[in-house]
Amino acid sequence: MNLESPTVTVEKSPEAVFSFLSDVKNFEKLMPENISKFEVLSEDTFLFALKGMPEIVLKKKELIAPNKIVLGAAGGKIDFSLTGLITELGEERSEVQLLFHGEFNAMMAMMIKGPISKFIETLASNIPGSI
């Protein structure tokens, strides 16, 4: 299953956006209002939970400065990745899009597609006001 967030414009350089997204503790600022738990486990791993959902641990898997950050599931039953793509629009202007990729059976995909789409949309829309 592949999902894409809307593309958001940020009035910061790609380097500034990359630096912000590279620091896992900053993801707390991007989380939706229904977050029930957020914990930094190490410099490249964090745990979060949304109300009524299981805890999810994400770990930095790949960093390509200043254009790409890949976070992946660290353990757990579900294997997926969240990729942030950063495109330069000008010296102090960037575009960011989040991509979600996961391998799920048809039943699971049907159940989680809506909530995950809304989740990555919220993360993306919170980026411009958080940096």
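## A lined cavity and some salt bridges

L21, F27, I69, L71, L82, T83, G84 and L98 line the largest cavity. This is a predicted model, where local features need pLDDT of at least 70, side-chain atom pairs count only at pLDDT 80 or more, and totals for chains, interfaces and linings use all residues. Residues are numbered from 1 along each chain as its sequence is written, and side-chain values use heavy atoms, with hydrogens and water left out.

Strand 6 (68–73) and strand 7 (80–90) each give two or more residues to that lining, and strand 7 has the largest share, 3 residues. Strands here are DSSP E runs of at least two residues, and helices are H or I runs of at least four, numbered from the N terminus. A cavity is a set of points on a 1 Å grid over the protein atoms alone where a 1.4 Å probe fits but cannot get out, and lining residues have an atom within 4 Å of a point.

Now for the salt bridges (a side-chain nitrogen of Lys or Arg within 4 Å of a carboxyl oxygen of Asp or Glu). The count comes to 6, including these:

| Pair | N to O distance |
|---|---|
| E11 and R93 | 3.0 Å |
| E39 and K37 | 4.0 Å |
| K37 and E55 | 2.9 Å |

E11, in the loop between strand 2 (8–10) and helix 1 (14–22), and R93, in strand 8 (residues 93–102), are 82 residues apart, so their pair links distant parts of the chain. As for the other two pairs, K37, E39 and E55 are linked in a network of salt bridges.

Terms used. On a 1 Å grid over the protein atoms alone, a cavity is a set of points where a 1.4 Å probe fits but cannot get out, and a pocket is an open set with protein on both sides within 12 Å along at least five of seven lines; lining residues have an atom within 4 Å of a point.
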